[in-house]
Amino acid sequence: MSRAITYRRLLVPLATALVLTSTGAAAAIPAPGAPSPAPRPRPGVWTGTWEAAASGTVPAPPGASVRNVVHTSVGGRAARVRLSNRLGTRPLRLGSVTLALQQPGEPGSPRARAGSLRKVTFGGSGSVTVPAGRDLVSDPVALRVPADANLLVSVHTPGGSGPVAYHRSALQTNFVAPVGDRTAEESGAGYTATVGSWYYVTGVDVLGAPAAGSVVALGDSITDGTGSSPDANHRWPDLLAARLRGLPAHRRPGVLNAGIAGNRLLLDGRGPNALARLDADVLSRAGVRALIVLEGVNDIKGTPEQSDPRTLEDAYRLVVRRAHARGIRVVGGTITPYGGHAAYTPAREAVRQAVNAAIRARGIFDVVADMDAAVRDPARPDRILPAYDPGDHLHFNDAGMRALADTIDLRSLLTPSNGPQAPDTGPQALDAWHPTRDAGRQVPETGLGLRAPGPRNPA
């Protein structure tokens, strides 16, 4: 553990005590019969507002600038950016990083809102080298970040660094300037190509969010949003965040999407398996209060397949134990149908039904979200309702994503957890987040996949 992290853990309780002391004990106790006042935002607490889990690696684009478009769930008075070289095999040199608000009304544009572009620093420096197998958290950035808004995270890599971490399936148009440092370019004119993945950036936190807490959705392609409309933020975690915005401000946690298309609970597939990435993608995130788990269909239908339901049940219990040790409440989603898909077999369906029965009846999770019941066809329970099926009989269209989001009992996310909370580490220590047990293992993917700007093909 680094000295910076140790100091941070000592300072956080002290700062909290000072805040409580300055408000006065009498103000904290309402008069008999009076309604309890809404909690004030905690100005010194970081909350996760957006996440994309590293799903693999691609060749680095030396000399290029990538402008990632990310969507916030909650806002704050400042921000910090998380960047990753967790799956890389060589040091990653970041020449320049900036953060800005995207120009309103231009979801398909690299243009920054006038006056919003900020340079991102790391220990006071505008450039930094991230060691292989590590994640990095920036210094605080003085930018007021709105909820439900698009940010631009622009990264310039001056030279080659071997394979770099990315999130393959962004369902979001991002932009590339093939040559030169264009990170400080407000107009975005140099970003002449587009790409459908997020590069380097794996999270954004905000300071002083009203609820000072976040919810993480851990899952596979269903959580990642496959089947939903691109550039629309209609993944089910996005739609859950929209539901939460209907609550009073002090009860709106941030929502973080740790879904990876093709991911598995037990075995590596697309990206490290869920157990291996739990620390990096869930437990180490800022202010996590609740975890929603929707994983397992790829374990059942993949090769090699998991044919013993108890294997998945044991894995779920391990996830829950590790989350509970950090004071995190866990919601378990039942595995949704996939009858009609090429990987479907009656034997695999029997495993899915057995796993769902265990989730519903055996008390594995603190709360159950019966996603299977919400989206299955009553006439053919092994299949998705046609109204929710984008055509592949596995994933969900926008209406299906909304049905999944609606299964989450908001009270279950807002119930305070007992036990220790995950510590909030400093904003600039390279060792802030521990790598997964497979850190440094390359998960190969295809090339950068540049294409000319233009209409996206939802398929």
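Strands here are DSSP runs of E, at least two residues, numbered from the N terminus. The model is predicted: local features need pLDDT of at least 70, side-chain atom pairs count only at pLDDT 80 or more, and totals for chains, interfaces and linings use all residues. Residues are numbered from 1 along each chain as its sequence is written, and side-chain values use heavy atoms, with hydrogens and water left out.

Next I checked the partners of β15, where pairing requires at least two DSSP bridges between two strands. Strand β1 (residues 46-51) pairs with β15 in the antiparallel sense over five bridges, with Gly48 opposite Asp205. Strand β4 (residues 78-84) also runs antiparallel to β15, joined by six bridges; Leu83 has Val201 as its bridge partner.

I then traced an open antiparallel sheet of six strands, in the order β7-β6-β10-β3-β12-β13. Its edge strands, β7 (118-119) and β13 (193-195), each pair on one side only. Within this sheet I noted seven antiparallel bridges between β3 (residues 65-71) and β10 (residues 150-156), and His71 opposite Asn150.

Last, I looked for cavities (sets of points on a 1 Å grid over the protein atoms alone where a 1.4 Å probe fits but cannot get out; lining residues have an atom within 4 Å of a point). I found two of 30 Å³ or more, volume being the space filled by probe spheres set on the points, which are joined across faces, edges and corners. The largest is about 40 Å³, and its lining includes His167, Asp224 and Arg270.

Terms used:
Helices (H or I, at least four residues) and strands (E, at least two) are DSSP runs, numbered from the N terminus. On a 1 Å grid over the protein atoms alone, a cavity is a set of points where a 1.4 Å probe fits but cannot get out, and a pocket is an open set with protein on both sides within 12 Å along at least five of seven lines; lining residues have an atom within 4 Å of a point.
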